[in-house]
Every structure is written in C-alpha cells, then in structure tokens.
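Subject: Structure handover

Hello,

Here is the structure we spoke about. My notes on its strands follow below.

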Amino acid sequence: QVQLVESGGGLVQVGGSLRLSCAASGRTFTRSAMGWFRQAPGQEREIVAAISRSGTSTYYADSVKGRFTISGDKAKNLVYLQMNSLKPEDTAVYYCAGRARIGGTSSTIYSMQSEYDYWGQGTQVTVSS
C-alpha cells in the first residue's frame, strides 16, 4: 500500500522558515512527478509547487515564487518544500502528492489535483504575525 507522510509543519513567526518533508513508502517515487498543495480554512486546495519526474523542472505558484523551493532526494525517497520568508497568508494545511500513472515526459510538470494519484494526510503550517 502506497503512503505519503508529510512532516515538518508547525507554528512560526512572520519571516521565519520551515522545511516540509514528504516520505513515500510502498512505492518508489524516485521516478514520479511530485507536488505540494495547500488548503487554508474556507478555501480550495491550491498548488504550491511541483517537480518533474526527472527533477529538472519545477513550478511555483506566483504567491510563493522566490520564497519556496521544492526538491527531491531520490536516494531517500523524500521530497522537500523549503519555505522561507513566511507570511500569515501561507497559513494552511500542506499536502504532498505523487503521480503514479504513465504519461508525459520526464520533465512534465503537473499542477492540477486531478493529475496526482496519491496524497498525504497533510501537515499544518501556521504563521503568526
């Protein structure tokens, strides 16, 4: 059974940093496109960042561009989201997502929820002002 487990969330002050980790088990995601999404209270889930299967292409939502960095450690089957210069509007539950289906190229980026097959349970990030 495939599982994605996020960690690293918590409470941080404005301007602070957090690094989220996503650990995969039950399947090797070293050859899978991955993404980070977030959902704030009363709002729809939105894409934050994504990385291609090869790891050579990345995507960032405009709201986090220049502050967040997505990366992967293939040897450890981990995906990270480094979040710097955090703002109160970054407060949300952050979800890791993995794509298992065949298709696209090794550099294809997926930014829609429907394009992912596996999801973690989410980790809360709260930025206090």
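Strand β1 (residues 3-7) pairs with strand β3 (residues 18-25) in the antiparallel sense, over five bridges. Strands here are DSSP runs (E, at least two residues), numbered from the N terminus, and two strands pair if DSSP finds at least two bridges between them. Ser-7 has Ser-21 in β3 as its bridge partner.

This is a predicted model: local features need pLDDT of at least 70, side-chain atom pairs count only at pLDDT 80 or more, and totals for chains, interfaces and linings use all residues. Residues are numbered from 1 along each chain as its sequence is written, and side-chain values use heavy atoms, with hydrogens and water left out.

β3 also pairs with strand β8 (residues 78-83), antiparallel and over six bridges; here Ala-23 stands opposite Leu-78. β8 is in turn joined to β7 by six bridges, again antiparallel, with Ile-70 opposite Leu-81 in β8.

Together they form an open sheet of four strands in the order β1-β3-β8-β7, with antiparallel pairing. β1 and β7 (68-73) each have a single partner strand, so one side of each is left without a neighbour in the sheet.

Val-79 is buried, at 8% relative accessible area (buried means under 20%, exposed over 50%, partly exposed in between; 1.4 Å probe, protein chains only). Leaving aside residues up to four places away in sequence, Val-79 touches (heavy atoms within 4.5 Å) several residues, including Ser-21, Met-34, Trp-36 and Ile-70.

Regards
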